[in-house]
Amino acid sequence: MRAVLTWRDKAEHCINDIAFKPDGTQLILAAGNRLLVYDTSDGTLLQPLKGHKDTVYCVAYAKDGKRFASGSADKSIIIWTSKLEGILKYTHNDSIQCVSYNPVTHQLASCSSSDFGLWSPEQKSISKHKSSSKIICCSWTNDGQYLALGMFNGIISIRNKNGEEKVKIERPGGSLSPVWSICWNPSREEHNDILAVADWGQKLSFYQLSGKQIGKDRVLNFDPCCISYFTKGEYILLGGSDKQVSLFTKDGVRLGTVGEQNSWVWTCRVKPDSNYVVVGCQDGTISFYQLIFSTVHGLYKDRYAYRDSMTDVIVQHLITEQKVRMKCKELVKKIAIYRNRLAIQLPEKILIYELYSEDSSDMHYRVKERIVKKFECNLLVVCANHIILCQILKIFVDNLFAIILLKQATAVRCLDMSASRKKLAVVDENDTCLVYDIDTKELLFQEPNANSVAWNTQCEDMLCFSGGGYLNIKASTFPVHRQKLQGFVVGYNGSKIFCLHVFSISAVEVPQSAPMYQYLDRKMFKEAYQIACLGVTDTDWHELAMEALEGLDFETAKKAFIRVRDLRYLELISSIEERKKRGETNKDLFLADVFSYQGKFHEAAKLYKRSGHENLALEMYTDLRMFEYVKDFLGSGDPKEIKMLITKQADWARNIKEPKAAVEMYISAGEHVKAIEICGHHGWVDMLIDIARKLDKAEREPLLLCATYLKKLDSPDYAAETYLKMGDLKSLVQLHVETQRWDEAFALGEKHPEFKDDIYVPYAQWLAENDRFEEAQQAFHKAGRQREAVQVLEQLTDNAVAESRFNDAAYYYWMLSMQCLDIAQADPAQKDVMLGKFHHFQRLAELYHAYHAIHRHTEDPFSVHGPETLFNISRFLLHSLPKDTPSGISKVKILFTLAKQSKALGAYRLARHAYDKLQGLYIPARFQKSIELGTLTIRAKPFHDSEELVPLCYRCSTNNPLLNNLGNVCINCRQPFVFSASSYDVLHLVEFCLEEGITDEEAISLIDLEAPRPKREDRQRETINNSSQILQLVETKDSMGDEDPFTAKLSFEQGGSEFVPVMVSRLVLRSMSRRDVIIKRWPPPLRWQYFRSLLPDASITMCPSCFQMFHSEDYELLVLQHGCCPYCRRRKDDPGP
């Protein structure tokens, strides 16, 4: 630290006090009975202020700089503005000793010999407080809450803003040690308020706000008259009877002298926020100094040690930015650092530190040795085992004989040796940097405008030097690379340059791009790689890799590409190295591969051609889609290669989303499949049709692909055209089936029966999926899929029964029976089983058909059937039902209908029987009341049936009971009754069979002969009585002998319990009339059934499909109502079986 006098002036009187304006532009001095205002920049006296009548002892500026106050021996206080105008004056009872402004508010503390006052602009009067002793000095805390008063009797009183005493500090010397100056530390970084106290006991002490002393008293050996802190509180100024101003640390350690004077120093102050100090003396001298704190530091590689707060040493790791502080508590004069050693020179001793470990990042130091001796030296150097103190004439070292490396003609300002100690760089007094070879003493080169120099510790041939505001980097003998930089170069490690600027050192990251490119220009790849390792950008690494690759220095290129993680080029280098191991030595070929990777395709093609590998050039161009260059390269070459080129060009057009161009190219190259795939993918039907029509029918694969895409694109007509061109009828059938073009499919099936299954089975499945089960059944049947047809019908039947659609159930059972008959006809192995099922399903169809009327009658109040019909149906069902009642048929409903209709028609006995039967069955609640009532009322009816209802057997003319235990057969002849399928009354038909040896065809021919029989001659006789008219038929004897042969067969008495059918001969057949015979012409393997009508005038109609019998009038009415047979649903316009 050294003090430089900036300006000096002298007043006529003693300088009692000084105050700076907060912005530092003005200086107010109390001298004599006047205030002197100075300009701090050059010491010009701006204006003397007169206002006091006696000596002015004190002056203080407000924190905001708007006003200041002065106190005088005339007992008055004057408030002045910053424009040097007095605005207020008030007085005390004694002379004013000191004044101080609150740093937070405008409150002013003024102290006299007997009291102190507190005044602020807000209050009209001054608050005064008595004092037990003369107040010499005062100071406010930083927060403005407390005021410390220093008294002549050695007591320090700490008061609050209201003047109340909070803390009282008694100094050991008492009245013998008057407290002459006090000041609070202005630093806001301190956790506690610290008060510095200087008394005339020649001691400096520090106290906390609580009154607790900090540390011990420090002996001054002079009477202090003033004490002042620097703005940030890091240093203290003290002046007094020793006629000088001394600089202390904030802890009271003396650092040095600011300036020696000719008389006592009465006051000293620090200019705000600066290192300028003003000193006022008893003889009126005013001195303005600038304090220059010199930098004390040391540097070794990436460790930098420097002085902080004059007494501390901070070691900073420039790479990791770690710092460690060592408190020496004395003035640090010199610092030296080397490897793991640190030397610190203090005024009376030298401390040697060492690191705890050899770790390069370790920052923990410990004291190794202390050298307690006072040295005066200009430079301190520490080595591994010694320290060197450099003075002007001598160097103290263990070797008395110094070695002369070389002699320099001019004075040396700075020097540095290279890492290998083979080169020496010197900066002389002419600012020239000279580089020597130490072994040969040869001057290698020199550079101007240098003030400091440093070798790179990681690269032998690189150094940097600074000067003229620029940083210069020089590699080998290449030209200097220059960039702007302020300060001095003190170190160079890798890519980091350590620069000292003003008082701090910083690490500057400098890319080593420029020297690297200098090496690259000369194809010195290994040296360029070494420079790059010091620190360059990724772009520089990539450029190095490329240059080395083009120079075929694969080792350097590989390492550089690894740094930038370029796997593509690393694969290239790896493949080239493998080829070299296999014995390849053609450098042109290697370089061609490099150029192709770099995008220099034309150069690569030339090298490929020169090395005799034209095929590689062709492959490269085609892969890159540079087809025009390929054509130029090929010229008029092989047609196969040209075709291959067109194909690749089409592939490229396809990849770059130019599909139409790709299609045209594929077609021209004969790649029809790829062209079709593109057209199909984009839905271009027109182009597909065009391609299909141009293709030859022998080219099945592309034609088939065309048809497939046309089918997908909903163009079945064009797809069919393509299949026809190919002659692929099976695919055509599949197309019609998939597109549900059934008419076309059926037409094709007619021409080609082998596709019958392929058409009708999908058609049936489609019908079934669309709930058209009847048609589906027929289609399955047509396709020969009898099993599927039966399954569909069985499912339909089950559904109809479950949903109480008994007429549909009857229809489906009839269809099932016919299916079974077809199977029996087609498959002899299943004949017996299928015939059994046929008869079973026929029986179920009859039952459900009859039960439909019963169900409608019981569920629907508006029945379409008359009582006699319902009566006949219920009797028919009662006699026909097997032991296991079919699903869905209710015996309760049948008996209830029978009872109800029997009662209505006069069959009371049968009604009573039905009601009795109902008592043993579970009766639904809705029928319960009606049945109970009917059971009671029937008891009142006679126990017999009406004779009109009794059925007649037309074979034996026997009257059968209404309740027949044998079922629907005659109790006498066992002849089965033939019922009408609508009214269910017994028809006048008798079934007969043919004698052995008569075929159906012969029987038909005999019946058709219809031989005439003589007519009977009947005579009538009419008798009229009073009450009646009687008509009698009288037969002659001749006529009785001419009887019908068939009738003669019927007159035979049945004696046994077994049924004997009516057997007819040829003679009988010949006598029959075609009108009287009804034939059920069952298909094989069933036999035809023959029925003879005994009442030819009563017409009977048989459905030609289901062979059910009806009264002709009933049948015609039902067909008109339903448009079809009520049993088998054969439409009237359908052809017969």
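Predicted model: local features only at pLDDT ≥ 70, side-chain atom pairs only at ≥ 80, totals over all residues.
Helix α24, spanning residues 891–905, and helix α26, spanning residues 925–937, have axes that come within 11 Å and cross at roughly 40°. The arrangement of α24 relative to α26 is therefore oblique. The crossing in which α24 passes α26 is left-handed. On the α24 side, the contact is made by Val 892, Lys 893, Phe 896 and Lys 903; α26 contributes Arg 926, Phe 927, Ser 930, Ile 931, Gly 934 and Thr 937. Sorted by class, the residues in this contact between α24 and α26 comprise 4 nonpolar, 3 polar and 3 charged.

The loop between α26 and β50 (989–994) contains Asn 960. With a relative accessible area of 1%, Asn 960 counts as buried, because the cut-off is under 20%. The side chain of Asn 960 reaches the backbone nitrogen of Ile 971 at 2.8 Å. When neighbours within four places in sequence are left aside, the residues in contact with Asn 960 are Val 950, Pro 951, Cys 953, Val 969, Cys 970, Ile 971 and Phe 977.

Helix α2 covers residues 525–534, and its buried residues are Phe 525, Ala 528, Tyr 529, Ile 531, Ala 532 and Leu 534. Among the elements covering these buried residues of α2 are the strand β44 (462–467) and the helices α1 (513–521), α3 (538–550) and α4 (554–564).

Terms used. Residues numbered from 1 in each chain as written. Heavy atoms only, no water. Axes fitted to C-alpha atoms, helices over the stretch in contact; angles between N-to-C directions. Helix = DSSP H or I, 4+ residues; strand = E, 2+ residues; numbered from the N terminus. Parallel < 35°, antiparallel > 145°, perpendicular 65-115°, else oblique. Left-handed = near helix turned anticlockwise from the far one by under 90°. Contact = heavy atoms within 4.5 Å. Nonpolar A, V, L, I, M, F, W, Y, C, P; charged D, E, K, R; others polar. Buried < 20%, exposed > 50% of the residue type's maximum accessible area, 1.4 Å probe, protein only. Polar contact = N/O pair within 3.5 Å; in protein donor to acceptor, adjacent residues only side chain to side chain.
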